[in-house]
Amino acid sequence: MEKRDELYAGKAKSVYRTDDPDRLILHFRDDTSAFDGKKKEALARKGMVNNKFNAFIMGKLQAAGIPTHFDGLLSDTECVVKKLDMIPVECVVRNLAAGGLVRRLGVEEGMTLTPPTFELFLKNDEKGDPMINESLAETFGWATPEQLARMKELTFKVNEVLKQLFLDGGMLLVDYKLEFGVFKGEIVLGDEFSPDGCRLWDEMTREKLDKDRFRQGLGGVIEAYEEVGRRIGIAFD
Ligand code: C5P
């Protein structure tokens with residue numbers, strides 16, 4: 001596969017065209033950002049850690065019957081994916097209260113959410129990724145009701161697979177964000193799954209092992225990501 005020109009540079013990943021019109025290369029950079037890009041830093045090893053983390057998780061999800069865009073690793077910091085028509089809607093599931101939910105509703109951090117919640121946000125940095133709902137998504141043409149139903153179904157299926165995977169490593173999957181796209185008419189999981197886009201706490205101590213370490217200036221960000229990876233069986237070197 002031949003790497004061609006850069007199609008798009010996101011906050012943490014760059015996307016390249018290839019000689020295959022149906023395939024893209026994702027390059028995971030060390031860049032880390034939070035608060036809609038207002039806090040930025042390059043963290044050594046992050047690109048490699050998140051690329052391998054994502055490859056492992058996408059493999060688990062694919063094996064569980066969840067269609068993903070992931071095709072394979074290309075290098076320590078690159079992978080090959082199917083080119084999706086991305087749906088500009090972020091799907092968030094929460095098992096425990098944290099982050100935006102705590103800020104919005106004033107509930108206690110760490111409260112168990114029964115059943116887990118499902119939220120939609122518009123992917124739009126300029127507007128700060130505002131919360132939306134199915135009605136708005138349909139009216140403004142961001143996604144059809146059928147697409148939204150499938151995205152919700154797949155997002156909850158991911159929860160069943162990953163909650164158990166992390167629990168087996170002594171961790172709680174607090175919440176996570178997924179993005180989907182369309183490939184040959186089918187809704188497929190896109191983007192990435194890494195500690196940048198989810199919250200993971202140690203089951204016993206509730207120590208934060210995800211991007212909140214960066215957001216809150218707790219330090220040891222990549223060390224925590226690698227610890228999470230090791231606990232679920234990822235070899236980084
Ligand atoms: O900030 P909030 O609590 O709404 O985030 C919920 C989950 O979605 C967190 O795991 C967060 O890391 C993730 N998220 C993300 N990208 C966004 C918004 C949220 O990865 N743009």
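Predicted model: local features only at pLDDT ≥ 70, side-chain atom pairs only at ≥ 80, totals over all residues.
**Entry 1: the ligand shell**

Residues are numbered from 1 along each chain as its sequence is written, and side-chain values use heavy atoms, with hydrogens and water left out.

I found 15 residues around the ligand, with Arg94, Gly100, Asp175, Arg199 and Arg215 the closest. Sorted by class, the shell holds eight charged, four nonpolar and three polar residues. For that sorting, Asp, Glu, Lys and Arg are charged; Ala, Val, Leu, Ile, Met, Phe, Trp, Tyr, Cys and Pro are nonpolar; the others, Gly among them, are polar.

A polar side-chain atom of Arg94 sits 2.8 Å from a ligand oxygen, and a polar side-chain atom of Glu90 is 3.2 Å from a ligand nitrogen. At Gly100 a polar backbone atom takes part, 2.7 Å from an oxygen of the ligand. Taken alone the ligand exposes 450 Å², and the protein buries 81% of that. These areas come from the Shrake-Rupley method with a 1.4 Å probe; for residues, only the protein chains shown count as cover.

**Entry 2: Thr32**

Buried or exposed, I asked of Thr32? Thr32 is buried, at 2% relative accessible area; the cut-offs are under 20% for buried, over 50% for exposed and partly exposed in between (1.4 Å probe, protein chains only). Thr32 belongs to strand 4 (residues 31-34). A polar atom of the Thr32 side chain lies 3.2 Å from the backbone oxygen of Asp30. Leaving out neighbours within four places in sequence, I get contacts from Thr32 to Lys39, Lys40, Glu41, Leu43, Lys46, Lys211 and Phe214, where contact means heavy atoms within 4.5 Å.

**Entry 3: Leu7 and the record**

Leu7 lies in strand 1 (residues 3-9) and is partly exposed at 35%. Not counting residues up to four places away in sequence, Leu7 touches Val15, Tyr16, Arg17, Leu24 and Lys83. I also checked Leu7 against Cys91: they are 84 residues apart along the chain, and their C-alpha atoms are separated by 24 Å.

Most residues other than glycine have a negative phi, and most peptide bonds are trans. I went looking for exceptions.

- The Thr114 to Pro115 peptide bond is cis, with omega near -10°; Pro115 is in strand 9 (residues 112-122).
- Asp129 is not a glycine, yet has a positive phi of about 45°. Asp129 sits in the loop between strand 9 and strand 10 (131-132) and counts as buried at 19% relative accessibility.
- Asp191, again not a glycine, has a positive phi of about 55°. Its place is the loop between strand 12 (186-189) and strand 13, and Asp191 is buried at 16%.

Which side chain makes a polar contact with that of Lys208? It is Glu109, at 3.4 Å. A polar contact is an N or O pair within 3.5 Å; within protein, one atom must be able to donate a hydrogen and the other to accept it, and residues adjacent in sequence count only if both atoms are side-chain atoms. Lys208 is in the loop between strand 13 and helix 5 (212-215) and is buried, at 14% relative accessibility.

Last, helix 6 (residues 221-231): its buried residues are Val221, Ile222, Ala224, Tyr225, Glu226, Val228 and Gly229. They pack against helix 1 (46-63), helix 4 (145-168), strand 11, strand 13 and helix 5. Just after helix 6, Gly233 has a positive phi of about 95°.

Notes: Near = heavy atom within 4 Å. Helix = DSSP H or I, 4+ residues; strand = E, 2+ residues; numbered from the N terminus.
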